[in-house]
Amino acid sequence: MKFTLSWLKKHLETEASLDEIVYALTDLGLEVEDVVNPADTLGEFTIGYVKSADKHPDADKLRVCMVETDEGEKQIICGAPNARQGIRVVVAKPGMYIPGIDTTISVGKIRGVESFGMMCSEREMQLSDEHDGIIELDSGEVGDRFVDWLAVNDPEKVDPMIDIAITPNRPDALGVRGIARDLAARGLGQMKPAPEISIAGGFTSGIDVEIDKDTLDGCPLFTGRLVRGVRNGPSPEWLQSLLKSIGLRPISALVDITNYFTYDQNRPLHVFDADKVQGNLRVHRAEGGEVITALDDKEYTLQPGMMAISDDAGVESIAGIMGGVASGCTDETVNVFVESAYWDPVTIAHTGRKLKINSDARYRFERGVDPAYTPDGLDAAVQMILDLCGGEASDKVMAGAVPDKSRSYKLDTDRVQSLVGMEIPADEQRATLRALGFELQGDQAKVPSWRPDVMGEADLVEEVARVASLTKLKGIALPRGTEGVPKPVLTRIQRREQIARRTAAALGYNECVTYSFVDQASAQLFGGGLDATRLENPISSDMSHMRPSLFPGLLQAAARNQARGEMDLALFEVGPVFHGGEPEEQELLIAGILVGHTGPKDIHGARRVHDLYDAKADIEAILSAVGAPQKMMIQRGAREWWHPGRSGRMSLGPKNILASFGELHPRVIASMDIKGPVVGFAAHLARIPEPKSKTATRPALEVQDLQSVERDFAFVVDTDVEAINIVNAAGGADKALITSVRVFDEFTGAAAEAQIGAGKKSLAVSVTLQPKTRTLTDEEIEEVSARIVAKVNKATGGVLRN
């Protein structure tokens, strides 16, 4: 919405400066997007006096002028036909920027004669298109600023233009008068009363209007007047200047008047050439297929249900959006029919979008204009037509009735404090609402017809607070519920999620954030894809189910990266997965994948393909960081999407599975279009038990002053015996003394079978004994060793290797 300061002052009596007005508009919610002030670019130009103007010695059309300026007498070469002795001119000095020619002038030679400045025309200063000669002033003193002279003698040429952004809920601010009303309520001036207009019709209109019954919901009111004997020529200079200042091109007096009221009062109008209208006008719904050539010279085909204005010959106007060429006004127009109607915003919006027409009328009608001003806006426009174009007006034609939009809400002056947190006296609140056009009757506030956005008691509070200025709102800290240090805000799961995310990132993984929706085929690969997790209204066909695992999103991200040449990847995600449609069937997981190699190629050959032990080490680090117990069972039996021989589970007992790790099944990798093996991990963060100690401090470091003892054992076992069983059995022989059991050798194959027997293998473990109170004797060490051998034999059938 654009307007000028002088235009605003037609409605607002104010002494406020431009800066004060601009600040107040933004503070009121009418955000100022741009201010174009001609005075900013013309501030350095001064008035000069031409003392002499002699012919240039080497050019017939140039004059060597001696000009008196505020810096003394200067020689200026000028080619303007009106450059002569004894005139006051506008002088630009070297180093000044000339906006009209986009040039910064400097001292130069013209045909061998130096010129120390420039005498300007109006076009060179962007004051008008006049460039036949330089500016001649009839008053002013040498050295005075030209912009000050304009402010006194021709203020329209230095009139600042303000451009504000209008939110969809404030259609009243699409008129200059509505903007002035807000500023007056803020206290930046007084609203000027609207002129009372009464037009006595001199004859009965020859054009009548009818609204179809099925169209009354879209056009409840249509008013018009016939004006005969008009002279449609150029509009007066003041009107043209107003329209030019906001970027509109003056066309003719009749068209310019309708544009003026569109911006001045937010009242779009349309003027028909009455001599081109055949019969009466009818407002109706289109049947579909009607064709009209609009005023933008484009042809439009109406769809069923769109509103149109037709005469006996056919459609003459797209209702509320744009008129037609067939009944448009020209310079030869003598008789006109002026239309002022109220159109349903939703219908206008639908029609405008379908036809792809953007017009000032559509922009305003689809946001909502003042229905009560419809007949008054007609009279105001007709009166201006009579003043500027002459003619005689008919009686008013009216079809329908002004729609009743009246409503009132209770004004509770105490709610400003509870809703906004501002203390505003009750009398000031009432004065604010009255200034905005509300009618107060007791504690009831009647909403003005031009404010469709006010729909409740809270909106009254908002209006009061907006005018009072929300910048006065002081921040007040919320009271503490308890004394002392506040308790942590994050829950246990939130803290674990944060720690797990940071740990994974520290291990070199890149975090992914993927959709919680996957396609059914991907969900079925990971135990999902059931009807319980199917979406009723999916975003797309490949997002039809809630994800049962984080792996589908991670693998899809890996595939996209591989398609773009990134083959070595470390990705992780923390997020919810869904095992059903109920809230309790959702849980929080962290999952990560490793694809490709451990690093780039190097001369040392350290590069290798990721294996399951990389994933195992990473998930152990993450579980340790979030507080999982150090000792966990490592078991087989991971789900079907894991490789059956290269995966495992970490658990606290047979049922409490904390995590799974290993290589993903080749069938899954092929289905997700991944190149190469993928290893990964997934952990259930909510299943980790709370630590027994709630303190955040670390326990004291226990330093043993007694030397530990290491003993190595080589057990002969069946080839299908797992090493973990030997480790667990040996560690359970004496939990007080044994601190670690580590496998360091495996002897298998044909050579092993030749030495220790068919179907056998040898596993060697190193057991560390740490005494606490005294050094162990040989007998005690032998006793522990015997228990280790017995435990392993009982658990696995293994015997010591000879």
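Is Cys78 buried or exposed? Cys78 counts as buried, at 7% relative accessibility. The structure is a predicted model. The disulfide count is zero.

**Cysteines**

- No disulfides are counted in this model.
- Cys65 takes part in no disulfide, and its nearest cysteine sulfur belongs to Cys78, 5.5 Å away.
- A disulfide needs two cysteine sulfur atoms within 2.5 Å.
- Cys65 is buried, with a relative accessible area of 0%.
- Cys78 is buried too, at 7% relative accessibility.

**Positive surface patch**

- Which residues form the positive surface patch? Lys631, Lys735, Lys791 and Lys794 do.
- One of these, Lys631, sits in a loop. That loop runs between helix 17 (612–625) and strand 35 (633–635).
- Lys631 is exposed, and its relative accessible area is 70%.

- Lys356 is not a glycine, yet its phi is positive, about 60°.
- The loop holding Lys356 lies between helix 8 (345–355) and helix 9 (360–365).
- Lys356 counts as exposed, at 73% relative accessibility.
- Asp673 is not a glycine either, and its phi is also positive, at about 60°.
- Where is Asp673 found? Asp673 is in the loop between helix 18 (666–671) and strand 38 (678–684).
- Asp673 is exposed, with 56% relative accessible area.

- Thr14 belongs to the loop between strand 2 (12–13) and helix 2 (18–27).
- Is Thr14 buried or exposed? Thr14 counts as buried, at 7% relative accessibility.
- How many residues separate Thr14 and Ser740 in sequence? They are 726 residues apart.
- In space, Thr14 and Ser740 are 88 Å apart, C-alpha to C-alpha.

Notes
Residues numbered from 1 in each chain as written. Predicted model: local features only at pLDDT ≥ 70, side-chain atom pairs only at ≥ 80, totals over all residues. Heavy atoms only, no water. Buried < 20%, exposed > 50% of the residue type's maximum accessible area, 1.4 Å probe, protein only. Patch = residues over 30% accessible without salt bridge, like charges linked within 9 Å, V, L, I, M, F, W, Y side chains within 5 Å. Areas by Shrake-Rupley, 256 points an atom, 1.4 Å probe, with all protein chains shown as cover. Salt bridge = Lys/Arg side-chain N within 4 Å of Asp/Glu carboxyl O. Lys, Arg positive; Asp, Glu negative; His and termini not counted. Charge placed at Lys NZ, Arg CZ, Asp CG, Glu CD. Helix = DSSP H or I, 4+ residues; strand = E, 2+ residues; numbered from the N terminus.
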